[in-house]
Amino acid sequence: QVQLVESGGGLVQAGGSLRLSCAASGSISSINVMGWYRQAPGKQRELVAIMISGGTPRYSDSVKGRFAISGDNAKNTMYLQMNSLKPEDTAVYYCKMNGRTWPANNFEVWGQGTLVTVSS
């Protein structure tokens, strides 16, 4: 069974930076999709950044140019570097991975979420 553990959230002032990490454990054969989502209070969960099969990352318009998604397949870990943070970036951030386990089962797993609070 694949599990994701997130870390790196916290409180930061506007204009600051944070780096989120998401580490996967389990019998992972490959990771095809790495994504970061967020959910602000009273709002629906939204896609922040996604990388499919190591291709060109895609970002929501609200974070483009400020956030960067990356992955380390050797460590089964993904990251979200967040720069120039704004109060409106305050949310619980979730990672999600899609891939395959040994011997050959598909998986789709969410992290537990990590709170990012940006003060003005």
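Modeller: What follows sets each term against the values of this model, which is a predicted one.

Colleague: Let us begin with the cysteines. How do you know that Cys 22 and Cys 95 form a disulfide?

Modeller: The cut-off for a pair of cysteine sulfur atoms is 2.5 Å. The sulfur atoms of Cys 22 and Cys 95 are 2.1 Å apart, and the two residues therefore form a disulfide. The structure holds 1 disulfide.

Colleague: Why is the disulfide of Cys 22 and Cys 95 called right-handed?

Modeller: The torsion about its S-S bond is about 65°, and for that reason the disulfide is right-handed. Cys 22 belongs to strand β3 (residues 18–25) and Cys 95 to strand β9, so the bond ties together parts that are 73 residues apart in sequence. Both cysteines are buried.

Colleague: I turn to the aromatic residues. Why is the pair of Tyr 94 and Trp 110 called edge-to-face?

Modeller: A pair of aromatic rings is described by the distance of the centres and the angle of the planes. For Tyr 94 and Trp 110 the centres are 6.4 Å apart, and the limit for a pair is 6.5 Å. Their planes stand at 85°, whereas edge-to-face requires an angle over 60 degrees. The pair is therefore edge-to-face. It is one of 2 aromatic pairs in the structure.

Colleague: Which parts of the chain does the pair of Tyr 94 and Trp 110 tie together?

Modeller: Tyr 94 lies in strand β9 (residues 91–101) and Trp 110 in strand β10 (residues 105–110), so the parts tied together are 16 residues apart in sequence. Tyr 37, Tyr 94 and Trp 110 form one aromatic cluster.

Colleague: What makes Tyr 94 buried, and what makes Trp 110 partly exposed?

Modeller: Buried means under 20% relative accessible area, and exposed means over 50%. Tyr 94 has 15% and is therefore buried. Trp 110 has 33%, a value in between, and so counts as partly exposed.

Colleague: Which charged end sits over the ring of Tyr 94?

Modeller: That of Arg 45, at 3.7 Å from the ring centre. The charged end of Arg 19 is likewise placed over the ring of Tyr 79, 4.0 Å from its centre.

Colleague: Arg 19 leads me to the strands. What is the bridge partner of Arg 19 in β8?

Modeller: The partner is Gln 81. Between β3 and strand β8 (residues 77–82) there are 6 bridges, and the two strands run antiparallel. As at least two bridges are needed for a pair, β3 and β8 are therefore paired.

Colleague: Why are β1 and β7 said to stand at the edges of the sheet?

Modeller: The open sheet has 4 strands in the order β1-β3-β8-β7, with antiparallel pairing. β1 (3–7) and β7 (67–72) each have a single partner strand, so one side of each lacks a neighbour in the sheet. From one strand to the next the twist averages 15°.

Colleague: Why is β8 described as largely enclosed by the rest of the structure?

Modeller: Of the 6 residues of β8, 5 are buried, and the description follows from that count. β8 is also joined to β7 by 6 bridges, again antiparallel; Ile 69, for instance, has Leu 80 as its bridge partner in β8.

Colleague: Which residues does the cis peptide bond join?

Modeller: It joins Trp 102 and Pro 103, with omega about 0°. Pro 103 is placed in the loop between β9 and β10.

Colleague: Finally, how do you know that Arg 38 is buried, and which side chains does it contact?

Modeller: Its relative accessible area is 5%, under the 20% limit, so Arg 38 is buried. Arg 38 is found in strand β4 (residues 28–39). Its side chain makes polar contacts with the side chains of Ser 62, at 3.3 Å, and Asp 89, at 2.9 Å.

Key
Residues are numbered from 1 along each chain as its sequence is written. This is a predicted model: local features need pLDDT of at least 70, side-chain atom pairs count only at pLDDT 80 or more; totals for chains, interfaces and linings use all residues. Side-chain values use heavy atoms; hydrogens and water are left out. Rings of Phe, Tyr and Trp (its six-membered ring) pair if their centres lie within 6.5 Å; planes under 30 degrees apart count as stacked, over 60 as edge-to-face and the rest as tilted. Buried means under 20% relative accessible area, exposed over 50%, partly exposed in between (1.4 Å probe, protein chains only). A charge sits over a ring if NZ of Lys or CZ of Arg is within 6 Å of the ring centre and within 35 degrees of the ring normal. Axes are lines fitted to C-alpha atoms, for helices over the stretch in contact, and angles run from 0 to 180 degrees between N-to-C directions. A polar contact is a pair of N or O atoms within 3.5 Å; within protein, one must be able to donate a hydrogen and the other to accept it, and residues adjacent in sequence count only if both atoms are side-chain atoms.
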